[in-house]
Amino acid sequence: MQTNFIDLRHELKGLTDEQAIRKRAKWFNLLVERAQSNPVVRNFAASIKSKAPTNPMEQLNILHSFVRDTVKYVDDPPEGDLYSDASRTLRIKEGDCDDKSILFASVAKLMGYRTGFRFMAQGFNYIHVFPYALLPSGQKIYFETTLNKPFNWRPKESKAFESTA
């Protein structure tokens, strides 16, 4: 039976910060791939796409507004990072930056967009993540899902690592 979240606390022990970020990226991408066959996530993606069938920016803006404004931000438990899959985040409508980013990337990918993640770091100490989507033109658009910011706003960071889902 598949669980609805991944707990990496034991897998990340002993890794360098850079290795830990790359391990997170691998698991985020796995959760996005897993969502592609989930009927709840597929139906949600179809409903978002149907609201603006011919306008990619409007589709992504509707999705961004939902994830940013409807999915409540909550911190992970103090004992460590847990990564929820898109169906769980849709069901409980709460999550941290990881969960909200995984939801956004999963749904956008189902809507036909190439997606990925931008991991922010201080040194290579992971501190935040947000998703991006590629428009049909190839333009990369970032989506901050935890703060009330417009699409393509990016926080300042000292280092970043990107991973395509």
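This text walks through the fold, from its overall layout to single residues.

The model is predicted, so local features need pLDDT of at least 70 and side-chain atom pairs count only at pLDDT 80 or more, while totals for chains, interfaces and linings use all residues. Residues are numbered from 1 along each chain as its sequence is written, and side-chain values use heavy atoms, with hydrogens and water left out.

Start with the whole chain. It holds six helices and eight strands. Here helices (H or I, at least four residues) and strands (E, at least two) are DSSP runs, numbered from the N terminus. In sequence order the pattern is β-α-α-α-α-β-β-α-β-α-β-β-β-β. The chain has 165 residues, and 48% of them count as buried. Buried means under 20% relative accessible area, exposed means over 50%, and partly exposed lies in between, with a 1.4 Å probe and protein chains only. Now look at contacts, meaning heavy atoms within 4.5 Å. Among contacts in the chain with a separation of 6 or more, 61% join residues 24 or more positions apart.

Helix α2 covers residues 17-35, and helix α6 covers residues 97-110. Their axes lie 9 Å apart, at an angle of about 45°. Axes are lines fitted to C-alpha atoms, for helices over the stretch in contact, and angles run from 0 to 180 degrees between N-to-C directions. Angles under 35 degrees count as roughly parallel, over 145 as roughly antiparallel, 65 to 115 as roughly perpendicular and the rest as oblique. The pair α2 and α6 is therefore oblique. The crossing of α2 past α6 is right-handed. A crossing is right-handed if the near helix is turned clockwise from the far one by less than a right angle, and left-handed if anticlockwise. On the α2 side, the contact uses F28, L31, V32, E33 and A35. On the α6 side, it uses D98, I102, A105, S106, K109 and L110. By class, this contact has seven nonpolar, one polar and three charged residues. Ala, Val, Leu, Ile, Met, Phe, Trp, Tyr, Cys and Pro count as nonpolar, Asp, Glu, Lys and Arg as charged, and the others, Gly among them, as polar.

Helices α3 and α4 form another pair. Their axes come within 8 Å and cross at roughly 125°. This pair is therefore oblique, and α3 passes α4 in a right-handed crossing. From α3, F44, I48 and K49 meet Q59, I62, L63 and F66 of α4. The residues of this contact divide into five nonpolar, one polar and one charged.

Now turn to the nonpolar cores. A nonpolar core is a set of buried Ala, Val, Leu, Ile, Met, Phe, Trp, Tyr and Cys residues joined through side-chain atoms within 4.5 Å. The largest has 22 residues. Within it, L60, L63, L103, F104 and V107 touch the most other members. Two or more residues come from each of α3 (39-50), α4 (56-69), α5 (86-92) and α6. Take L103. Beyond its neighbours within four places in sequence, L103 contacts F66, V67, V71, A86, T89 and L90. A separate core has 15 residues, among them V32, C97, A121 and V129.

Some single residues deserve a look. Setting aside residues up to four places away in sequence, N29 touches F117, S163, T164 and A165. At 22%, K23 counts as partly exposed. Leaving out neighbours within four places, K23 contacts E11, L12 and L15. K23 and E11 are 12 residues apart in sequence, and their C-alpha atoms are 8.4 Å apart.

Finish in the loops. K93 lies between α5 and β4 (94-95). Its phi is near 50°, a positive value in a residue other than glycine. K93 is partly exposed, at 37%. N152 lies in the loop between β7 (140-142) and β8 (159-164). Its phi is positive as well, near 70°, and N152 is not glycine. N152 is partly exposed, with a relative accessible area of 34%.
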